[in-house]
Amino acid sequence: MHAIRVVLADDEPVIRAGVRAILAADPGIEVVAEAADGRELVDAVLAHRPDVALVDIRMPALDGLAAAAEVRRTAPGTAVLIMTSFGEDAYVARALGDGAAGFLLKTGDPREFPLGVRAAAEGGAYLSPPVAARVIRGLAGDRLSRSAAAREQVAALTGREREVLALVGEGMSNAGIAARLHLAEGSVKTYVSTIMGKLGVPNRVRAAVIAHEAGLAGGR
């Protein structure tokens, strides 16, 4: 299997160096290019066609969210993974709506970076647990109401669909879910599509958020 190819974007050289070092420790991940602003990111993605773009939110020239949206438009085969800091809840909610594959906390557990990259590359969704909690709070003001609403939505799923949703909430890809539940990967794909339809969500990250809100996934 080829290494997962990553373009890393952050305007702070020290952050880029640190994240690159973390990812370099994983032999299955290769950082093929770096970018210091959003325009450089878009150019690098179009030049290298990586599996994952790892993007900071606040960057000059073109901010990370606008750049991420452009990547999603021009290079749909590249998953976008957002790096965020505490206090950026509104930005996270916007990225979520734009189809980001997940969110990593820049000051969080370094082990989450390769986990998030792998999940995004495999078509999964990864929510760093502290970020997941903040995303949930940011989507609505009343956490208890959102939890109750999520539990009501999840109640419409079958037992197997809830099992699949829980693993989506943990950031697992279709292949990983298939292996865990001893199902064909095609069956998992069908389950995920059905789940998103029943929940009324446009992408896996939104489904993952509901999994967290309903208590099916960790990090709450």
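Helices and strands here are DSSP runs, numbered from the N terminus. The model is predicted.

Me: Which loop holds Ala-61?
Reply: Ala-61 is not a glycine, yet its phi is positive, about 70°. Most residues other than glycine have a negative phi. Ala-61 sits in the loop between β3 (52-56) and α3 (64-74).

Me: Is Ala-61 buried or exposed?
Reply: The cut-off for exposed is over 50% relative accessible area. Ala-61 has 58% relative accessibility, so it counts as exposed.

Me: What is the phi of His-182, about?
Reply: His-182 lies in the loop between α9 (174-181) and α10 (185-199). Its relative accessibility is 72%, so His-182 counts as exposed. His-182 is not a glycine, but its phi is positive, at about 60°.

Me: Which are the edge strands of the six-stranded open sheet?
Reply: The sheet order is β2-β1-β3-β4-β5-β6, with parallel pairing. An edge strand pairs on one side only. That gives β2 (29-35) and β6 (126-127).

Me: Which residue in β5 is the bridge partner of Ile-82?
Reply: Strands β4 (residues 79-84) and β5 (residues 102-105) run parallel. Four bridges join them. The partner of Ile-82 in β5 is Phe-103.

Me: What angle does the direction of helix α5 make with that of β4?
Reply: Helix α5 (residues 112-121) packs on the sheet. It touches β1 (4-9), β2, β3, β4, β5 and β6. Its direction and that of β4 make an angle of about 155°.

Me: At what angle to β4 does α3 run?
Reply: α3 lies across β3 and β4. The angle between α3 and β4 is about 170°.

Notes:
Residues are numbered from 1 along each chain as its sequence is written. This is a predicted model: local features need pLDDT of at least 70, side-chain atom pairs count only at pLDDT 80 or more; totals for chains, interfaces and linings use all residues. Side-chain values use heavy atoms; hydrogens and water are left out. Helices (H or I, at least four residues) and strands (E, at least two) are DSSP runs, numbered from the N terminus. Buried means under 20% relative accessible area, exposed over 50%, partly exposed in between (1.4 Å probe, protein chains only). Two strands pair if DSSP finds at least two bridges between them. Contact means heavy atoms within 4.5 Å. Axes are lines fitted to C-alpha atoms, for helices over the stretch in contact, and angles run from 0 to 180 degrees between N-to-C directions.
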